[in-house]
Amino acid sequence: MRRFLQSPKLIPLFFALITVLSYGLLLPLTGFYWDDWPFAWAAKFLGPSQFIPSFAGFRPFLGPIFFLTTSLIPSNPILWQILALIIRFIAGLSAWFALNEIWPRYKFQTLIASLLFLVFPGYSQNWVAFTHINQEWIPFIFYLLSFGFTARALRNPTKKTTNSIIALLLLIIGVFPTEYFIGLEPLRFLFIWVIIADETKGFWPRSIQTLKRWWPYLLIWMVDAVWLAYYYKSGAYVSYGVTATRHALSIPALLLAFGDAFWKAGFYVWVQVLILTTQAVTAPTSLLTFILILLSFLSIAFYILHLELFTPLHLPPNSLNLGGEKEWGTFAISAILIGFIGILLGRVPSFAAGLPLTLQSSYDRFMISMMLGSSLFITGLID
């Protein structure tokens, strides 16, 4: 039994349990919220096909996603909340897959980063299931998988072409439906930089080799950027007005905006639950929250520390060119730097649209594009 529990094969089941603990305990009490209502009404009374023309003036590539999901799932709030649970679970596994492919020698660290991604507390919009499953989470899953297949293509030369094609197709599905993730593509350049560390030495040779592998993705990214720029200025776009490009911004204003994003996504969100509950320590819900956090943390820590993949001190010498006792710092430094950059890049779309980044509000949905960077950053600090 002990060997069975130690097996990494049980990790997906572990992800499922964490998902239910994090988002499923109150599921029977949830329903439709905010934009869910008009979407649910349209699906029920106008039919799924109506989403195609409805999104033509907003996000034209998002309509097919709404069409597909509403064709499969009726306008029942509980069913959509269950689907949100499943989608969040799949997103966590997708992050785990991608990070494992990028850092295959650091399975313990990538598991921690993926679990932090799964429970990321800066994003509170999971309950607005109908809207955000379609608008954000499904494209995000494709984007995460695209990162993973890029890494797999580089690490498995015999299937390089197949995996590269899959990665490119996943990128198209991930980036074109919504502008939420337009800022994340440079992370792929950094991931490739990490992957080819063993085969290419020197800053400039490594940069050139990284660019040679990144350019197909860069091309798709640029096509999407040109499309968005054209679409916003064409008069066809009927959603948020892009105000940031119309006014010159000072360096202090930029530093303030992105410094605020880094502080919130990199640090504050990880303790905000405790801060919120301490405002009413004796309340029954606060006490239950503290008990759940404590019991969950002890159980999860016990399980993770007994997994067979927990071998951070027994890696091959010189496996990432730092050697011997310095091996521990390889992942940490990479994760901190890439995570920091990922947080800043994740703020670009909402900042360009002139939208604020406030927590515990509908605007914390913009945290979704910072989740991967934040999880890597904090994991690097822990490591």
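Start by selecting Thr-30, which sits in the loop between helix H2 (11–24) and H3. The model is predicted. Is Thr-30 buried or exposed? With a relative accessibility of 14%, Thr-30 counts as buried, because the cut-off for buried is under 20%.

Show the side chain of Thr-30 next. At 2.6 Å from the side chain of Thr-30 is the backbone oxygen of Leu-27.

Move on to helix H5, residues 63–72. Select Gly-63, Ile-65, Phe-66, Thr-69 and Thr-70, which are buried. These residues lie on the same side of H5, because the arc they cover around the axis is only 155°. Now turn to the face directed away from that buried side: Leu-68 and Leu-72 are there, and they are exposed.

Finally, colour the protein by pLDDT. The average is 87, and 89% of the residues score at least 70. Select residues 241–246, where pLDDT stays under 50; the model has nine contacts for them beyond four places in sequence. Then select residues 311–328, where the pLDDT is below 50 as well. This second stretch, 311–328, has 25 contacts in the model beyond near neighbours in sequence.

Technical notes: Residues are numbered from 1 along each chain as its sequence is written. This is a predicted model: local features need pLDDT of at least 70, side-chain atom pairs count only at pLDDT 80 or more; totals for chains, interfaces and linings use all residues. Side-chain values use heavy atoms; hydrogens and water are left out. Buried means under 20% relative accessible area, exposed over 50%, partly exposed in between (1.4 Å probe, protein chains only). Helices (H or I, at least four residues) and strands (E, at least two) are DSSP runs, numbered from the N terminus. The arc is that of the directions from the helix axis to the C-beta atoms. pLDDT is the predictor's confidence in each residue, from 0 to 100. Contact means heavy atoms within 4.5 Å. A polar contact is a pair of N or O atoms within 3.5 Å; within protein, one must be able to donate a hydrogen and the other to accept it, and residues adjacent in sequence count only if both atoms are side-chain atoms.
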